[in-house]
Amino acid sequence: QAQLWESGGGLVQAGESLKLSCEISGTTFSINTIGWYRQAPDKQRELVADIRGSGTTNYADSVKGRFAISRDSAQNMLYLQMNSLQPDDSAVYYCNLVTKTPWDATLTFWGQGTQVSVSS
């Protein structure tokens, strides 16, 4: 049973940067994807960025060129560097892990979320 802990959220002004971290423990199966989602009030949770098992990265159009996802496998850490933040980036950010078991089942894990607030 994997566990994910996010940190690094906070309140910043438009144009500033934040770096989110996600500590991952308890993973025993191969990783399909690992990434970041966000959910603003009264909106659906949406993908921000993820890393596939192949190592390729994927970004939402709204964050391309401003956000960068990275992973430190040795430390079991996932990061999201967020630059040029805008008020529309305000949301609770969640770390997400999708693993695949040897019997071809897919397991999805979520962190508790960290709040990012951007003032104009």
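A: A residue is called buried when its relative accessible area is under 20%, exposed when that area is over 50%, and partly exposed in between, with a 1.4 Å probe and protein chains only. This is a predicted model, in which local features need pLDDT of at least 70 and side-chain atom pairs count only at pLDDT 80 or more, while totals for chains, interfaces and linings use all residues. Residues are numbered from 1 along each chain as its sequence is written, and side-chain values use heavy atoms, with hydrogens and water left out.

A salt bridge here is a side-chain nitrogen of Lys or Arg within 4 Å of a carboxyl oxygen of Asp or Glu, and the structure holds six of them. One joins Glu46 to Arg38, with 2.8 Å between the closest N and O atoms. Glu46 counts as partly exposed because its relative accessible area is 37%, whereas Arg38 counts as buried because its value is 6%. Arg38 also meets the side chain of Asp89 in a salt bridge, at 3.0 Å from N to O. This pair links distant parts of the chain, 51 residues apart, with Asp89 in the loop between strand S8 (77-82) and strand S9 (91-100) and Arg38 in strand S4. Strands are DSSP runs (E, at least two residues), numbered from the N terminus. Asp89 is buried, because its relative accessible area is 2%.

Another salt bridge pairs Lys100 with Asp104, whose closest N and O atoms lie 3.6 Å apart. Elsewhere, salt bridges that share partners join Arg38, Glu46, Arg66 and Asp89 into one network. Lys100 is partly exposed, because its relative accessibility is 34%, and Asp104 is exposed, because its relative accessible area is 56%. Asp104 also takes a positive phi near 70° in the hairpin of S9 and S10, which has five residues between the strands. S9 and strand S10 (residues 106-110) run antiparallel and are joined by five bridges, where pairing requires that DSSP finds at least two bridges between two strands. Within this pairing, Asn96 has Trp110 of S10 as its bridge partner.

Thr33 lies in strand S4, which covers residues 30-39, and counts as buried because its relative accessibility is 17%.

Methods
Helices (H or I, at least four residues) and strands (E, at least two) are DSSP runs, numbered from the N terminus.
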